[in-house]
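Please review the briefing below alongside the sequence and the model. It is grouped by topic.

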Amino acid sequence: MQTKQRPVFLEIPNIRLPIPGIVSILHRISGVILFVSLPLLLCFLAGTLSREAAFETYRSVVSNPLVKLMLIGLLWAYLHHSLAGIRFLLLDAHKGLELQTARATAKAVFVAALVLTVVIGAWLW
């Protein structure tokens, strides 16, 4: 008599992804953020080209610290998505497929995106 195997309960919060998996998920999240925010940013910036009053409104909105933080978040999304995209293109060309190299490039993407965001964000703030 065969016993019926019960489904395995996965404890999602306790599952630890490797750094390449985290970079992959963040690549997807940053792509969604950019996709959703790009039309809003373009619409907002297009209005600044028509009149001087619209540009002054833009400047006053962007001077708000909360808006600056949101723009720095978009900057991170852009930088991470770009760097991770280059990494994935190299992986598609069969460069860096070894485990140690894949982990090193994933760490490099993660750190480079954060460092560039801090440097450019501090320069623009």
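Phe 44, Phe 55 and Tyr 58 make up one aromatic cluster in this predicted model, where local features need pLDDT of at least 70, side-chain atom pairs count only at pLDDT 80 or more, and totals for chains, interfaces and linings use all residues. Residues are numbered from 1 along each chain as its sequence is written, and side-chain values use heavy atoms, with hydrogens and water left out.

**Aromatic pairs**

- Two aromatic pairs are found in a search of the whole structure; rings of Phe, Tyr and Trp (its six-membered ring) pair if their centres lie within 6.5 Å, and planes under 30 degrees apart count as stacked, over 60 as edge-to-face and the rest as tilted.
- One of them, formed by Phe 44 and Tyr 58, is tilted, at 5.3 Å centre to centre and 55° between the planes.
- Because Phe 44 belongs to helix α1 (residues 19-47) and Tyr 58 to helix α2 (residues 52-62), this pair ties together parts that are 14 residues apart in sequence; helices are DSSP runs (H or I, at least four residues), numbered from the N terminus.
- Phe 44 is partly exposed at 34% relative accessible area, and Tyr 58 is likewise partly exposed at 21%; buried means under 20%, exposed over 50% and partly exposed in between (1.4 Å probe, protein chains only).

**Largest pocket**

- The largest pocket has a volume of about 690 Å³, the space filled by probe spheres set on grid points joined across faces, edges and corners.
- A pocket is an open set of points on a 1 Å grid over the protein atoms alone where a 1.4 Å probe fits, with protein on both sides within 12 Å along at least five of seven lines; lining residues have an atom within 4 Å of a point.
- Its lining comprises 22 residues, of which Leu 41, Tyr 58, Leu 71, Ile 72 and Leu 74 lie nearest the centre.
- Helices α1, α2, α3 and α4 (99-124) each give two or more residues to this lining, and α3 gives the most, with eight.

**His 81**

- UniProt, in an unreviewed entry, places a "binding site" feature at His 81; positions follow the numbering used here, feature names are shortened, and annotations may be inferred rather than shown by experiment.
- His 81 is found in helix α3 (residues 65-92) and is partly exposed at 27% relative accessibility.
- The His 81 side chain reaches the backbone nitrogen of Gly 31 at 3.4 Å, where a polar contact is a pair of N or O atoms within 3.5 Å; within protein, one must be able to donate a hydrogen and the other to accept it, and residues adjacent in sequence count only if both atoms are side-chain atoms.
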